[in-house]
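Here is a short briefing for a first look. Start with the sequence and structure below.

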Amino acid sequence: MSKVFAPLLVVCGAMFFYAPFLIVGAPYEATMGLVQKIFYFHVPSAMTLFLSAFVAGIASAIFLFAGRPAADRVAAAAAEIAVVLGIIVLVSGPLWARKAWGVWWQWDARLTSTLVMWLVFQSYLLLRRYGGPGSERLAAAVAIFGAALVPFVYWSVNLWRTVHPNTNVVPTLAPSMRGPFWFCVAAFLCLYVLLLTLRTALESRRSELDALYLALED
Amino acid sequence: MSFMAAVALVVRKDLVIETRSREVVYTALLFAVSCVLVFAFGFVNEGRADPAAAAAILWIAIAFSGTLALGRIFDRERQNETMRALLLAPVARPAIYVGKLAGVLSLLLMVQAIVVPLVALWFQAELFRHASLVIALLATGSLGYAAVGTLFAAMLARTRGRGALLPVLLYPVTIPVIIAGVKGTVALLQAEPNLAIARAWLMMLIAFDAVFITLALWIFEPAMAE
Amino acid sequence: MEPLDFTSLTFTDVTRNFGRRRALNRVSFSCEAGQIVALLGANGAGKSTLLSIAATMLEPSSGAVLYGDHSARSAGAALRARIGVLGHDLYIYPELTAFENLAFFGRLYGMTDVDRAVAEALLRAGLEDRASEAVSSFSRGMRQRLALERALLHSPRLLLLDEPFTGLDDASSSALRDRLQAARDRGALVIVTTHDLEAIEALVDTAFVLNCGRLQPLAAGAESLRVRYRRYS
């Protein structure tokens with residue numbers, strides 16, 4: 001485990017411990033009141049989800065074109081974390097929507113984009129699990145397409161929205177909300193790096209184990 | 001062997017095989033028509049249906065029959081490992097991809113030639129009012145769908161992965177294409193067709209096709225290696 | 001695409017893993033054009049894997065394969081034009097006729113005057129009167145003969161045959177031996193895997209044995225192939 005891991009763990013833990021205090025201290029939003037505070041975790045996890053999608057896509061491209069197996073391990077880890085983050089966003093979103101607007105689901109740009117990205121990376125995981133030998137390359141192609149898809153999903157859903165206006169107002173952040181928001185973003189980034197390192201290390205252990213089995217045959 | 005000559009060779013071979021058995025055309029067509037029929041019973045009230053329903057059904061039928069066709073086309077290559085023989089040949093690998101893509105696309109367009117009039121008839125949808133735009137949407141949408149589908153199906157055939165995985169992989173990635181196709185078609189089917197919106201969706205489809213075909217051409221060669 | 005040629009095939013410490021299984025373990029050998037090489041071994045010993053790597057269909061996990069001075073990666077399509085493969089699965093399209101199958105692959109390999117070459121190939125295979133019938137109506141032996149012609153059509157420098165004698169009757173077997181001999185005399189390097197040691201007895205110049213992924217040359221000697229091979233099992 002790299003030397004930076006333990007201090008990072010401490011920092012991350014401290015940030016998440018402190019975050020609720022910051023959130024409580026932040027002002028109430030005008031229309032939604034207390035419920036809006038879900039936003040401080042909901043949005044950073046969405047941002048990290050898309051970051052993870054790009055990491056998976058770029059790592060997959062490196063694996064396919066430069067042939068580095070380590071890149072494939074990073075991609076697998078990033079995809080798994082993307083799915084987990086997706087679940088966080090897709091659960092916190094409806095919880096917020098229910099309380100704020102009375103409906104469980106909103107076909108707005110962000111939630112729909114998240115759902116599509118989540119589906120793409122979930123299919124990546126299914127492929128790696130059930131695809132049989134040699135499916136790493138196909139999975140890499142799926143991840144590259146998934147990452148390339150992000151602007152298109154956003155574009156298509158945004159365009160769709162302008163035709164059907166709805167009640168979701170993009171929050172323009174009041175200055176006093178920015179502090180807690182960016183703190184939470186930083187906390188989630190920290191957590192992401194931590195999780196990615198851990199999960200990639202697990203994949204490395206797996207391939208070391210495979211190498212040991214192979215060495216047995218020598 | 002030049003790139004286009006190789007593509008033409010693969011396309012001609014597939015065409016000969018298909019015209020002999022006609023298996024894929026018939027099954028895909030029958031499937032699409034059955035799909036549309038089932039939905040017609042659900043959505044058509046007193047001879048009229050919501051334009052959104054007609055558009056959605058059209059694109060769903062295309063997507064489903066496309067997956068069926070892709071599965072059958074690549075199962076053929078899987079059977080006698082002829083995919084390997086193609087990869088062994090001294091042609092640029094992307095040429096094989098383009099050849100297969102041309103085949104899949106022509107099949108999709110053939111199915112649409114039957115399904116579009118059927119939907120227009122059964123759903124009382126004014127699909128021919130702005131025929132050129134509808135055709136453009138269908139063509140670009142089918143191209144995007146086929147581009148991604150051909151790559152994934154070819155890779156599944158190569159690794160002998162289960163064909164059942166194709167829809168699992170294909171549908172999430174092609175959702176923007178379907179959204180664009182449906183929304184564009186709906187804009188044209190409304191009582192007052194919104195040409196500007198339809199054109200906006202068409203732009204998105206063209207951009208999608210450009211990006212994803214380029215990506216597929218890059219990815220095909222390293223992805224087919226083992 | 002400039003034409004490429006080579007006169008030797010060299011494997012150096014080639015290893016191939018499939019997940020946790022080592023199919024080939026530091027395989028090294030070298031052969032020259034104008035030889036018929038037999039690759040022997042039990043089922044599952046790695047013979048097909050070795051042939052796939054030689055055919056550029058698989059990449060080795062480590063080690064190098066050289067065709068003369070060229071490697072598969074650097075030479076690309078030009079190298080593939082000089083290789084002919086007869087695999088387990090025959091690689092022919094059942095829906096096409098015998099003529100169409102050969103013509104397709106002939107054109108794919110960039111041959112000129114394809115029709116004449118195909119007609120000659122069909123004659124050699126004894127299939128000239130079934131030329132316009134779909135391959136799906138052929139027996140296993142006929143398909144094998146057609147597949148062999150497909151592999152030989154473009155006069156490859158390296159000919160790889162995976163168990164070509166399976167399912168052949170005596171006449172076809174003898175015809176196959178003649179074809180292999182002709183190929184060798186033409187200067188091809190022929191590598192054959194087979195369990196039918198008697199069939200290739202007279203033809204073989206060198207033989208190797210694969211045992212659990214490890215390659216050894218078969219000891220030379222006056223005794224028959226089978227007797228020498230038995231010493232390794």
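The notes below cover a chain contact and a sheet.

This is a predicted model: local features need pLDDT of at least 70, side-chain atom pairs count only at pLDDT 80 or more, and totals for chains, interfaces and linings use all residues. Residues are numbered from 1 along each chain as its sequence is written, while chains are lettered from A and ligands numbered from 1 in the order in which they are written.

**Where chain A touches chain B**

- Chain A gives 29 residues to the contact and chain B gives 28 residues. Residues are in contact if their C-beta atoms, placed from the backbone, lie within 7 Å.
- On the chain A side, α2 (39-66), α4 (109-130) and α5 (136-163) each give two or more residues. Helices (H or I, at least four residues) and strands (E, at least two) are DSSP runs, numbered from the N terminus.
- α5(A) supplies the largest share, 16 residues.
- By class, this side has 21 nonpolar residues (Ala, Val, Leu, Ile, Met, Phe, Trp, Tyr, Cys and Pro), seven polar and one charged (Asp, Glu, Lys and Arg count as charged, the others, Gly among them, as polar).

**The sheet in chain C**

- Six strands form an open sheet with mixed pairing, in the order β5-β6-β7-β3-β8-β9. Strands pair if DSSP finds at least two bridges between them.
- The edge strands are β5 (83-86) and β9 (214-217) of chain C, and each pairs on one side only.
- β5(C) and β6(C) (residues 158-162) pair in the parallel sense over four bridges. C:L158 in β6(C) is the bridge partner of C:I83.

Conventions
Two residues are in contact if their C-beta atoms, placed from the backbone, lie within 7 Å.
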